[in-house]
Amino acid sequence: MKILLKNKSDVPIYEQIKEQIKSQVLEGKVQENEQLPSIRQLAKELKISVITTTRAYNELSDEGFIISVSGKGYFVAPKNNELLRERMIFEMEQAFETAVESGRNAGLKDEEIIEALKGIMEG
Amino acid sequence: MSEILKLVKMDLIIIKNKSVLPFVFFMSVYMFLGYIISPYAVISPVLFAGFMIQPLFSIDEQNDMSRLYGSLPVSRRNRAIARFMSAGLITAIALVISMIAAFHSVEVGWFKELNPELYESYCIMQLEGITIGIVACFIYAVVCFILGIQYTLLYLFGASKEAFTMIATFLIILGFIIADGLLFDGKTMDIFSNVLSRLMIKSEMLFYIVLYGASVGFLLICALISGLIMKKREI
Amino acid sequence: MEYIMKIDNLCKSYKAFSLKNVSFSLPKGYIMGFVGQNGSGKTTTIRSMLGIANKDSGNIELFGLDNVKDYREIKQRISVVFDSLCYPPHLKIKHIESMLKSFYDKWDSEEFHRLIKKFKLHENVKIGKFSKGMRMKLMIAVALSHKAELIILDEPTSGLDPVARDELLDILTEYISDENNSILFSTHITADLERIADYVTVLNDGEVWYTGTKDEIMDKYVVIKGDEADLPDEIMNKSIGYHNYRNGFEAMLEREIVSDLPEEIEYEKANLDDILIYIAKESAKNE
């Protein structure tokens, strides 16, 4: 799992870590149940503070993207994980909202937008 | 005690790589000259041995080694005590080497032909009981006395004040002799000489025991005083 | 929470300067950055911890042990890295090892040599000839060779080039990846701390100005700029290090008050450098 930080960005580092792990999970770039580096290992690799990585992992775990197994570490949540599923559905709805708005801005009618969606699903 | 020995080892490692060569050179030159002059002259390098470790104080100061000592598991008191032990040890080693050389110079006997007057005084002194061993022991005592005072002053006034403490030591000793002369008519010095002569005559062994004991004892007392100074010292 | 270091109301007076009631603690397994202007008391605090300076009053506990009574056990378990070489410069690495290893029960000779090799330090050169970066790495190699659980660094990066600084950060983050290890890191190079420090203690004029998590202090203050006329008096009074220039004023403010600011006043996040500068300006005003 690769995480690339932008030090000069305004986005706090723990946010950047969260975003990158989240998108890798959602895009399926990491396998479910894959083990993540430990909090301290990640801090060492990224050369950042342990409290920062702890916070990122805690929030990711609360949001259901990763799970913590005591004694073993952190793992990518399995896809049947309820929270993760809900989250993914939420992401899908967000994407739909954006798509619908874009379509309407382009002047398409709702039926045309639905046609386009069907086309993508079949193609 | 083992902590003190480790500190002595540290002192020796530091000084070994700094002053050994010039010192060994010095010692050899003096000893060689002594072969031509008199066995008593062969022993004089002992006088310089103790001063060989004086750079330890300025090295401590220049590199702010109190930081290193502060991070090591040692007490300030033991640092001071170890310094005195290093001085006593180095002086003792020089003593042994120069005594062996002195006895050897008698064997070889160059001074007997080259300096017959000195040879004569040598023989007279031998007869009076002032053997090489006794002179060496006496010199060792004097050196310990001087170093003891000087190092204590260095701890009192700061490691950088080498010149000052040397002069001060000399003045103290001089002052002591003068005061004795003025106040007590030189009685203290007389008592000293009497005791030493009596011991010498009675038993050479006793002389050694008393004088070596007193030397090391004096060093120890100075060491303990310095230890106390170090403990209270504001840095 | 286990504290590796607890300093409680440390007081130490010199003629021109004193530490007043300095208190802060470092939980085990974390890095604390120790910042402050030159002369704010960082080195004095560290020297008091080590017993190099005699504290006037207060308690210092390391590993739960008293720093005066139990100094022997404490010093077996800590290492200190200073801003300049604390060994005689005419010695070589082998002398340093032979000098120091007998003092530490847990000295690991193999580890020492592995580190010397890794840092590419020459074993047969007098250490006085080492560059600044090499000297620092030597002290680090010694620090890491006796299984110390706490490393204290007193401005180790002063005078180091960016490459050497980065290498040091690598070493420190590797060290802290073991949760039994902790670090106290005093420095002027706040950028390093902003990255790797978990906790920060800010000293100003011998007193603790802030101690807490780095995240908290990085979020707590903003720098405000604008026209003096636009600034309400109550806010000016609450600001820190206020100064009016010809082009406008500058000051530091707690983030919570930002909502009361008029629109004309600009603000942006204050980093550690800013914080130090503004608290120094505030102190200068109060003299």
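This is a predicted model: local features need pLDDT of at least 70, side-chain atom pairs count only at pLDDT 80 or more; totals for chains, interfaces and linings use all residues.
## Where chains B and C meet

In one of them, Arg47(C) pairs with Asp64(B), with 3.8 Å between the closest N and O atoms.

Which parts of chain B supply its side of the interface? At least two residues each come from α1 (2-37), α5 (66-71), α6 (76-108) and α12 (204-232) of chain B. The largest share, 9 residues, belongs to α1(B). By type, the residues on this side of chain B are 11 nonpolar, 7 polar and 11 charged.

## The extent of the interface

In total, 29 residues of chain B are in contact with 30 residues of chain C. About 2,600 Å² is buried between chain B and chain C, and carbon and sulfur atoms give 57% of that area.

## A sheet in chain C

Now let us turn to chain C itself. Here 4 strands form an open sheet with antiparallel pairing, in the order β12-β13-β11-β14. Because β12 (240-245) and β14 (266-269) of chain C each have a single partner strand, they stand at the edges, and one side of each has no neighbour in the sheet. From one strand to the next, the twist averages 20 degrees.

The antiparallel strands β12(C) and β13(C) (residues 248-254) are joined by 4 bridges. Tyr245(C) has Gly248(C), in β13(C), as its bridge partner.

## A helix across the sheet

Helix α10(C), residues 272-286, lies across β11 (221-226), β12, β13 and β14 of chain C. The helix runs at about 80 degrees to β12(C).

Definitions and conventions
Residues are numbered from 1 along each chain as its sequence is written. Chains are lettered from A and ligands numbered from 1 in the order in which they are written. Side-chain values use heavy atoms; hydrogens and water are left out. Two strands pair if DSSP finds at least two bridges between them. Axes are lines fitted to C-alpha atoms, for helices over the stretch in contact, and angles run from 0 to 180 degrees between N-to-C directions. Contact means heavy atoms within 4.5 Å. Buried area is the accessible area (1.4 Å probe) that two parts lose on being put together, summed over both. A salt bridge is a side-chain nitrogen of Lys or Arg within 4 Å of a carboxyl oxygen of Asp or Glu. Ala, Val, Leu, Ile, Met, Phe, Trp, Tyr, Cys and Pro count as nonpolar, Asp, Glu, Lys and Arg as charged, and the others, Gly among them, as polar.
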